[in-house]
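Here is a short report on selected local features of one protein chain. Keep the sequence and the structure side by side while reading.

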Amino acid sequence: MRGKYVLVTGATGGIGQQVAKLLAGAGAHLFITGRNAAKLEALGTACNLPASNRFAADITDATEVTALHGRFFEVFPQIDILINAAGIGIIKPMDQLEEKDFIHTLNLNLVAPFLLLKNFLPDFKARKSGLIINIPGVLGKVPMAGAAAYSASKYGLVGMIQSVREEIKRTDIRFTNLFLGGVDTPFWDTIDLRVQRDKMVQAEEAAKAIWFLCQQPLSGVVSEMVLQPFNHQAI
Ligand SMILES: NC(=O)c1ccc[n+]([C@@H]2O[C@H](COP(=O)([O-])OP(=O)(O)OC[C@H]3O[C@@H](n4cnc5c(N)ncnc54)[C@H](OP(=O)(O)O)[C@@H]3O)[C@@H](O)[C@H]2O)c1
C-alpha cells in the first residue's frame, strides 16, 4: 500500500472509517470524503492527514463530485485505488416504502457510484491501471423481503460495474465488488429489523477484507469477494 494514492468515500461511516485507518497505517497516500465535516476532521487527525486530504461532499450531487475530483487532484498527482464505502440501507416492505426512500436509495447507492466513475474513470484510463472497489453487499446478489429499494440499487450497481468492466478489459484497471453480509455499523441504526448485531461481521474485519483486496496480484484480479457473518444474524 505504501505510496499508493487512494480515495475513500463514506470515510465517516462504520466500514470506511476502519478502512481509512488501516490504509493510513500501511503508508498509503489517503484522501477521505463523506458529508460530515466534523467526523472527517476527527478521522483525518486520527490518520495523521493534513487538512488538504479531506473534503466534505454529498456524492449524490454531480457538482460536488466534480469538486471532489478537483480537490483530489490539487493534492495528489494520480489515483491508484478508489474505495466507495458510501451507501444507505432503507429496508421496508412495499406498503411502507415511499417514493422518496426509493429515489434516495438509488441516488446514493447507484447514481453516486456512476458520478464517481464519470469523474475518476478517465484518470484510471489515462494510466490504464488502478483498482475500483464497490460494496454491493449480498443484497446485490440475492433478494430479501423488504429490500426492494436496496436490492434495486445494488443489483443496478453490479450491472453497471460488470458492463464498465467489459469496456476496460484491455487495460490493467481492476473492478472488485465486495458482497458483505451484515456488518455491525451505524448502517443498521435506522433499520427496523430484528437482527443480532453482535453476531455480525465486525467493521474492522470488513476493513481488513478491503485491505486484502487492495493487494491484488499483478497477474490476477479478485472480481468478487463474499464475506458473511459466521453465525446467522437474524433472530
Ligand atoms: N453494514 C452492513 O451490514 C453492510 C452490508 C453490506 C453492504 N454494505 C455496504 O457497505 C457500504 C458502507 O456501509 P457502512 O456499514 O459503513 O454504512 P454507514 O456506517 O452507515 O456509513 C455510510 C457512509 O455513507 C456516507 N454517506 C451517506 N450519504 C452520503 C452522501 N449523500 N454523500 C456522501 N456520503 C454519504 C456516510 O457519511 P456522512 O453521513 O458523513 O455523509 C457514511 O460515511 C455501503 O455501501 C453499504 O451499502 C454494508
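How close do the axes of helix α1 and helix α6 come, and at what angle do they cross? This is a predicted model. In it, the axes of α1 (residues 14-25) and α6 (residues 203-213) come within 8 Å. They cross at roughly 55 degrees. Angles from 65 to 115 degrees would count as roughly perpendicular, and those under 35 degrees as roughly parallel. The two helices, α1 and α6, are therefore oblique to each other. Their crossing is right-handed. On the α1 side, the contact is made by Gly14, Ile15, Gln18, Val19, Leu22 and Leu23. On the α6 side, Ala203, Glu204, Ala206, Ala207, Lys208, Ile210 and Trp211 take part.

**Helix α4**

Helix α4 covers residues 99-127, which makes 29 residues. From first C-alpha to last, α4 reaches 41 Å. That is close to the 42 Å expected at 1.5 Å a residue. Yet α4 has a kink of about 40 degrees at phenylalanine 120. The kink lies shortly before proline 122. Just after α4 comes lysine 128, with a positive phi of about 55 degrees.

Most residues other than glycine have a negative phi. Asparagine 48 has a positive phi although it is not a glycine. Lysine 128 also has a positive phi and is not a glycine. The table sets out both residues.

| Residue | Phi | Loop | Relative accessibility |
|---|---|---|---|
| Asparagine 48 | about 60 degrees | between α2 (37-46) and β3 (54-56) | 71% |
| Lysine 128 | about 55 degrees | between α4 and β5 (129-134) | 52% |

Are these residues buried or exposed? Exposed means over 50% relative accessible area. Asparagine 48, at 71%, is therefore exposed. Lysine 128, at 52%, therefore counts as exposed too.

**Phenylalanine 31**

Phenylalanine 31 is found in strand β2 (residues 29-34). Is phenylalanine 31 buried or exposed? Buried means under 20% relative accessible area. Phenylalanine 31 has 0% relative accessibility, so it counts as buried.

Which residues does phenylalanine 31 touch, leaving aside those up to four places away in sequence? Its contacts include Val6, Leu7 and Val8. Ser52, Asn53, Arg54 and Phe55 are also among them.

Phenylalanine 31 and aspartate 123 are 92 residues apart along the chain. Their C-alpha atoms are separated by 16 Å.

Technical notes
Residues are numbered from 1 along each chain as its sequence is written. This is a predicted model: local features need pLDDT of at least 70, side-chain atom pairs count only at pLDDT 80 or more; totals for chains, interfaces and linings use all residues. Side-chain values use heavy atoms; hydrogens and water are left out. Helices (H or I, at least four residues) and strands (E, at least two) are DSSP runs, numbered from the N terminus. The expected span of a helix is 1.5 Å times one less than its number of residues. The bend at a residue is the angle between axes fitted to the seven residues ending there and the seven starting there. Buried means under 20% relative accessible area, exposed over 50%, partly exposed in between (1.4 Å probe, protein chains only). Contact means heavy atoms within 4.5 Å. Axes are lines fitted to C-alpha atoms, for helices over the stretch in contact, and angles run from 0 to 180 degrees between N-to-C directions. Angles under 35 degrees count as roughly parallel, over 145 as roughly antiparallel, 65 to 115 as roughly perpendicular and the rest as oblique. A crossing is left-handed if the near helix is turned anticlockwise from the far one by less than a right angle, and right-handed if clockwise.
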